Amino acid sequence: MQQKSSQSRGVLYDKTVPLNKSEKHLINSAHLLLIASRACSSQNKARFFLGGWCVWVCVCVWKMRLFVGLYQLSSLLYLVALAGCEEDYTEDEEMILSLIRQVDSRPVLESGSSAQFLRCTKDAWRIPGQYIVVVRNGTRDNQVERTARRLRVNAARRGYLISILRTYSGAFHGFLVQMSSDVLHMAVKLPHVEYIEEDSSIFAQGSPWNLERITERGGSFPNDGSEVGVYIMDTTIQANHRELAQRVMVTDFNSVPEEDGVRVHRQASQCDSHGTHTAGVVSGRDSGVAPGASVNSVRVLNCQGKVIPKYRRDTLSVFAGLEYIRASLQVQPISPVIVLLPFAGGFSRTLNAACREMVRSGAVLIAAAGNYQDDACLYSPASEPEVITVGASNAADQPLTVGTMGTNVGRCVDLFAPGDDIVSASGDCPTCFTAKSGTSQAAAHVAGIAAVLLKENPTARSVEVLHLLRHHAAQQVMNPEALPLEHRLTTPNMVAVVFKSPSARAGEALLCRSVWSKRSGVMSFDTAAAHCLHGEEMFSCSSYSPDGVWAGERIEGRDDQKECVAHNGVGGQGVYAVARCCMDDRVQCQSFASAHMGTEAKCPSPQHQLTGKNCGWAPSARRQLPRAGEVTGATSHASCCQITSSLECRGNEYQASGFMEQVEVSCEDSWTLTGCSGASQGSAPHGAYARGNTCIVRPSRGERGVAAVAICCRYPPPQQSSSEPGQEPGRQ
């Protein structure tokens, strides 16, 4: 047998060469010698000479059929020598010893089903041989440790050495392991394991501009962000800079990953550059959006602005950074608190889950969309719905483009903010300034605006902050032609601004937004689903098909499990589901189907208000949208919200007399669009969707007489009485 030399992979023998039972006994003896030698002090290692000599003799007399007896003798001598060692074994070594001594033919117990294995969407960012093992919710800490030990034992029995680099018990439960990819098939079979994710790098989204743009629509400076804590996960921050003096706390968390290559100049200004600039945009005395906000530096990026998670025991990760913030807030609560994530990496289910838990614990997380002119949904943490994701715009309110780079776009972006040529603090000296561009700077602007908002509304939840940011943003200022065609409808056309009166909740207006799903598959009746956030209520559901071939939509599920589901039609090229999600704790909405096919659905009682209509279509090649009240061949669904306050709703309809590329109808001032649908007497339109406070229906080519129907709701001013509850929306 020829031994394979591969220390980096931890392989003790060539697994491609089949072993008989005697050869496996030899490997087990070698394991006993290695472990025993490690456990004993140097003065006792001489006692192993005889045992090791016996193993060597076993090899020499192999063909003389004397192997088995000598193997047993050598093992006995090992145990005698081990008994003389002064040092005790660790719990892991005792476990490995006890299992290796067992007969090798005894099967390893594994769970019947395999856990899911996830890999980074960007090949160049993957870290081979390093994996995050995430266990199921409810798994105890001792079970996590037992799972890690079991993986080590199973790997050792097959000749592989692995290293458990870190365990996690905060935002998620699991551990980081360094091992050969050949061990993956064992890891996915372990009990309690939910999924395994290959480790990958994340990068700072560095790139600048002035404050006039976000205030010219009514805001003013100075803004007060005091009493709001902002944690910035970035490079180090130059705490003595004139812009940030006495407002920066450098925490004792300091992850300093190694830089790529050997020529990286790690001077202070390089290591401080990105973090100092970002902190200046948030809280700088002259260049900041919210002067006075306290900044807490949590370093997770190296001097290149990159996280390289080669997690040695003394090197921490972005996950550990989130856990550190979580633990710090438990020891010394700060409320309200914002966590700025000015970086992006490949899509990571684990990172998204950790961010989601941070939001649900009360923090507001704001992330850079990424600088790759790509779909933001392919990156993390930008793709997490609970995180407020920010794209970058330039001085003309257009999507940022810098050379071959540019802002990410798509349905995972919540809004845009200035990110081109932003002037802020520099790490070169305590009085220096510099200009940078990118979505990191855009996210820092929104973090500053959020700090101003939370100063006046300290109990606002993350979802409410999101709605207020979007409600006050400059609407429809970007040229849609500047966006990629496939993301033109799903990308929000709004740029963040500072509020005139941040203490007012938009005059107690009903706050709603549209949430687009990803496009469905092209198979007949493939589905797409859109979801609202925790704390939002789904007021209605619509769908849109680029080629006009679709089979209806409806709301499915109840309470927090609702989803807007759209169905692709026969021969269709995919469909989008569009949920209308509103921020309102005072109503509870349900979907009610019509009693018979071909009849119109209605709300069940006067205590309900109609907030949206849609059709759950029977399978057909194309959907034929009838006029309201004349539904045929389909089951109609009504979205009805139970009244617990003075909510009032009404319908607005506009019917085109001839052909129009799109038919629009809007809600008046003080009214909010909650439902959008279309009606046609001929071939099916492409669907209906909301853009701001306007309902849009796109007819099929040449189709005339298409109508757009908007349902508008509001909480009336105190001096006005609401309309009778449950009144059917009229047409205007």
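Student: Which residue has a side chain that meets the side chain of Glu664 in a salt bridge?
Tutor: This is a predicted model, in which local features need pLDDT of at least 70 and side-chain atom pairs count only at pLDDT 80 or more, while totals for chains, interfaces and linings use all residues. Residues are numbered from 1 along each chain as its sequence is written, and side-chain values use heavy atoms, with hydrogens and water left out. A salt bridge here is a side-chain nitrogen of Lys or Arg within 4 Å of a carboxyl oxygen of Asp or Glu. At 3.5 Å, N to O, the partner of Glu664 is Arg691.

Student: How many residues apart in sequence are the parts that Glu664 and Arg691 tie together?
Tutor: Helices (H or I, at least four residues) and strands (E, at least two) are DSSP runs, numbered from the N terminus. Glu664 belongs to strand E33 (residues 663-666) and Arg691 to strand E35 (residues 688-691), so the parts that this pair ties together are separated in sequence by 27 residues.

Student: Is Arg691 buried or exposed, or does it fall in between?
Tutor: Buried means under 20% relative accessible area and exposed means over 50%, with partly exposed in between (1.4 Å probe, protein chains only). Arg691 has a relative accessible area of 36%, so the word for this residue is partly exposed.

Student: In which strand does Glu537, the partner of Lys562, lie?
Tutor: The side chains of Glu537 and Lys562 form a salt bridge of 2.7 Å, N to O, and both Glu537 and Lys562 are buried. Lys562 sits in the loop between strand E26 (550-556) and strand E27 (563-568), 25 residues from Glu537, whose own element is strand E25.

Student: Which residue does a disulfide join to Cys512?
Tutor: A disulfide is counted where a pair of cysteine sulfur atoms lies within 2.5 Å, and by this rule the count comes to 10 disulfides. With an S to S distance of 2.0 Å, the cysteine joined to Cys512 is Cys582.

Student: How many residues apart in sequence are the parts that Cys512 and Cys582 tie together?
Tutor: Both cysteines are buried, and their link is right-handed, with 105° about the S-S bond. Cys512 lies in strand E23 (residues 511-516) and Cys582 in strand E28 (residues 576-583), so the sequence separation of the parts they tie together is 70 residues.

Student: Is the link of Cys667 and Cys712 right-handed or left-handed?
Tutor: The sulfur atoms of Cys667 and Cys712 are 2.0 Å apart in a disulfide, and both residues are buried. The link has -85° about the S-S bond and is left-handed.
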